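Colleague: I am new to this structure. Could you take me through it step by step?

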Amino acid sequence: MKKDYRLNTIETHTAGEPTRILISGINLYPLFGRSVAEQRDMFAEKFDHIRELLMREPRGHDDMFGAVPVKPEDDEADIGVIFMHTTGYLDMCGHGTIGVVTALLERGILPEKKEIKIETPAGIVETVPVIKENKVEKVRMKNVDSSFLGKETVELDLADIKSDIEVNLAYSGNLVGLVDVEETGLSVGRQELETLKKIGIELRKKLNEKRNFENPFSGKKIEVSLIEFCEERKGVDKNLVVFADGSIDRSPCGTGTCAKMTYLYHEGKLDVNEEYRYRSILDTEFDGKILKAEEKEEITVITPEISGSAYIIGRSTFVLDPKDPLSGFSLYK
Ligand code: PYC
């Protein structure tokens, strides 16, 4: 591996969840001229060591998340974004989108505009930043088309839990498996983190082994990438989302919130334009609503919107000493 990197990043968090945004340091031009989905695949081929370097220890950690702004192919889009984590990539990310828009506007990398369109591997998402005194207070994000994809029952045989678990599936840029946390006999709280993480990893593995999933709109093969434990609360519902190989989202998860609203609409529990608030393990919140629900070719197509706030927490320059044998590791995977 070439070892004279100087990788410049902007560090952000959105409702507690990090997004490390790679601003410069590698030549991404060979990727351009393709869709962002294709650029992501090329990035994974050519620059996966950069993902490992930035996401994993000692520069990152097991729950790190990142984004790489690229040139969009779609003329409509202002920018393209690739999303990455400790073990791979996601097609879409809500907290990451809010983080990227906030950071690029506040640093003057993107010019101020009423609406900023982002080409992601899942398609175009439309964002509206709320700016006051040069600070992005909030970002509203209209997600890609979403849809409820039915239920599966998964038999769990773990030391902590042996039981059949019902999982509701919704596509919202990522394929999300939604589980009522009561099914596990646990609740969404810090004391249950390790057990829910184990259950989440196992559920995801079993679902992907059990069924071949397709994107309901493109027909392309996809996998369940997030398991969302949902807890109904009297005031505001709460969740815990497990992704990658056991990373835990500190935020209420943007695509997870869109998946939950899509499921609630299917159940007749949320109407178009009805406000939905969702809380994370940290008690931070995203607001959401369904902007539109339409029947198209036998699919109920949901257009979800979420909004939340992100903050810049630093800037970094990462290097790799030519003598350093460790460029990205985890104690667990
Ligand atoms: O906000 O969509 C999201 C997300 C996915 C994984 C972590 N955050």
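Colleague: Let us start with glutamate 38: how accessible is it?

Modeller: Glutamate 38 is partly exposed, because its relative accessibility is 42%; the class partly exposed lies between buried, under 20% relative accessible area, and exposed, over 50% (1.4 Å probe, protein chains only). Please note that this is a predicted model, in which local features need pLDDT of at least 70 and side-chain atom pairs count only at pLDDT 80 or more, while totals for chains, interfaces and linings use all residues. Residues are numbered from 1 along each chain as its sequence is written, and side-chain values use heavy atoms, with hydrogens and water left out.

Colleague: Where does glutamate 38 sit?

Modeller: Glutamate 38 belongs to helix H1, residues 36–46. Helices (H or I, at least four residues) and strands (E, at least two) are DSSP runs, numbered from the N terminus. In space, glutamate 38 is 7.7 Å from proline 121, C-alpha to C-alpha, although 83 residues separate the two in sequence.

Colleague: Moving on, how is the chain divided?

Modeller: There is domain 1 (6–141 + 311–319) and domain 2 (147–308), with bounds from an automatic or database domain assignment. Their C-alpha centres are 23 Å apart.

Colleague: How many residues are in contact between domain 1 and domain 2?

Modeller: On the domain 1 side 22 residues are in contact with 26 residues of domain 2, where contact means heavy atoms within 4.5 Å. The two domains bury about 1,800 Å² between them, 56% of it on carbon and sulfur atoms; buried area is the accessible area (1.4 Å probe) that two parts lose on being put together, summed over both. Ala15, Asp63 and Met141 supply 28% of what domain 1 buries against domain 2, more than any other three residues.

Colleague: And how many salt bridges cross that interface?

Modeller: Three salt bridges are found across it, each being a side-chain nitrogen of Lys or Arg within 4 Å of a carboxyl oxygen of Asp or Glu. In the whole structure the search finds 29.

Colleague: Which side chain does aspartate 63 meet in a salt bridge?

Modeller: Aspartate 63 pairs with arginine 250, at 3.0 Å from N to O. Another salt bridge joins glutamate 305 and arginine 140 at 3.5 Å, N to O. Glutamate 305 is in strand S19 (residues 299–308) and arginine 140 in strand S8, 165 residues apart. Glutamate 305 is buried at 13% relative accessibility, whereas arginine 140 is partly exposed at 36%.

Colleague: What about glutamate 152: buried or exposed?

Modeller: Glutamate 152 is buried, as its relative accessible area is 14%, and its place is in strand S9 (residues 147–157). Its side chain forms a salt bridge with that of arginine 211 (2.9 Å, N to O). Arginine 211 lies in the loop between helix H4 (193–210) and strand S12 (213–214), so this pair ties together parts 59 residues apart in sequence.

Colleague: Last topic: which residues touch the most other members of the largest nonpolar core?

Modeller: They are Phe83, Ile118, Leu178, Leu226 and Ile306, in a core of 48 residues. A nonpolar core is a set of buried Ala, Val, Leu, Ile, Met, Phe, Trp, Tyr and Cys residues joined through side-chain atoms within 4.5 Å. Helix H3 (residues 94–106) gives the most to this core, six residues, and each of domain 1 and domain 2 gives at least three. A second, separate core has 26 residues, including Leu158 and Phe213.
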